[in-house]
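Open the model in your viewer and keep the selection panel at hand. The stops below tell you what to pick next and what you will find there.

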Amino acid sequence: MTTFCFRRPRLTVAALVLFSGGAGLGWWITSCDPLILARMPSFAAAETVDGARASDPARRCEEVLRLPVDQRLAAATALLIAAAEEPGLASRLARRLCAADPIFRREHGDTLITMLGASHQFEAALAFAELGGPERSVWLQRCLEDWAETDPGAAMQAALAQPGGEGLAHVAAQWAERDPAAAAEFALQSLPGDARAQALAVVLPAWIQRQPAAAASWLDQLEPNQELDGSLATLARLPAIVATWPDVACDWSAAIVDPEIRQRTQTELVQQWAGTDRTAARAYLTSASRLLPPDRLRLLALLEGWRD
């Protein structure tokens, strides 16, 4: 899975002080709403006063764009922070900044998405990210990450709505780190066909590695389903399971629907088992109720052929 590095705004209090000393620029600092600044750690200690809402944001945006390059990013950041409680306005300003100031396009978008995410305006952040051009994937992933921290189910549905379900696997992996059982259940009950299979392919292996007993118990309650085949094969092949409970591993492999995956997994497991206890392996193959008759005959024949 590709991991992107999201660059959060890095305008420090020291930079603000230096910036505010420039001729005619102090109003950029004094116009920032302190409640918005408090959401950003780097701005938490800045002394600010109200005033952004009384100004003309569109005019200020154009003034920002006329500033020298070494002052423009700080001024644009302050403008977006001041506007962030009005998502529509903030998004329009950010789009204008991104279009007219390509040098700092990434930074302007990062600032907007960070501020909208901090105020739980995830839909607005996502709408902006979807128009992101070259930065679209990075901004989209950041929006979904922030959303998943608060409402992973909604984030997964939002990812599902993207072309090709972009971001779905990333949200599923993030949710699986915190609550794999909830992530698996949501995917099973709330996602359609391919999206369900994609999410489960991420969630179940993570769950199996961390909590194999809980994952196995959940899988045992489900009807055989081809979407679960990969997870069952992974679970059956866990070294700790194979070494301690080879019969349980073989039972899980027998529940795999796809014939090719099932037969390959069964052959591997029975061969390992025969290498340590051929008698027990034969007894299992003779009596196991979960084995399909053709699988039983094939595996018994293979077992006999593996005689030294």
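Start with the largest nonpolar core, which has 80 residues in this predicted model. Select M156, L191, L200, L204 and W218: these have the most contacts inside that core.

Now centre on M156. Leaving aside neighbours within four places in sequence, M156 is in contact with L168, V171, A172, W175, F186, L191 and A199.

Keep W175 and F186 selected. They form a tilted aromatic pair, 5.4 Å centre to centre with 50 degrees between the planes. W175 lies in helix α11 (residues 168-178) and F186 in helix α12 (residues 180-190), so the pair ties together parts 11 residues apart in sequence. F186, at 17% relative accessibility, counts as buried because the cut-off is under 20%.

Next, search the whole structure for aromatic pairs: there are five. Select F122 and W147, one of them. Their ring centres are 5.5 Å apart and their planes are at 15 degrees, so this pair is stacked. F122 sits in helix α8 (residues 122-130) and W147 in helix α9 (residues 136-150). The pair links distant parts of the chain, 25 residues apart. Both F122 and W147 are buried.

Finally, zoom out and colour by secondary structure. The protein chain has 19 helices and zero strands. Of its 308 residues, 48% count as buried.

Conventions:
Residues numbered from 1 in each chain as written. Predicted model: local features only at pLDDT ≥ 70, side-chain atom pairs only at ≥ 80, totals over all residues. Heavy atoms only, no water. Core = buried A, V, L, I, M, F, W, Y, C linked by side-chain atoms within 4.5 Å. Buried < 20%, exposed > 50% of the residue type's maximum accessible area, 1.4 Å probe, protein only. Contact = heavy atoms within 4.5 Å. Helix = DSSP H or I, 4+ residues; strand = E, 2+ residues; numbered from the N terminus. Phe/Tyr/Trp six-rings, centres within 6.5 Å; stacked < 30°, edge-to-face > 60°.
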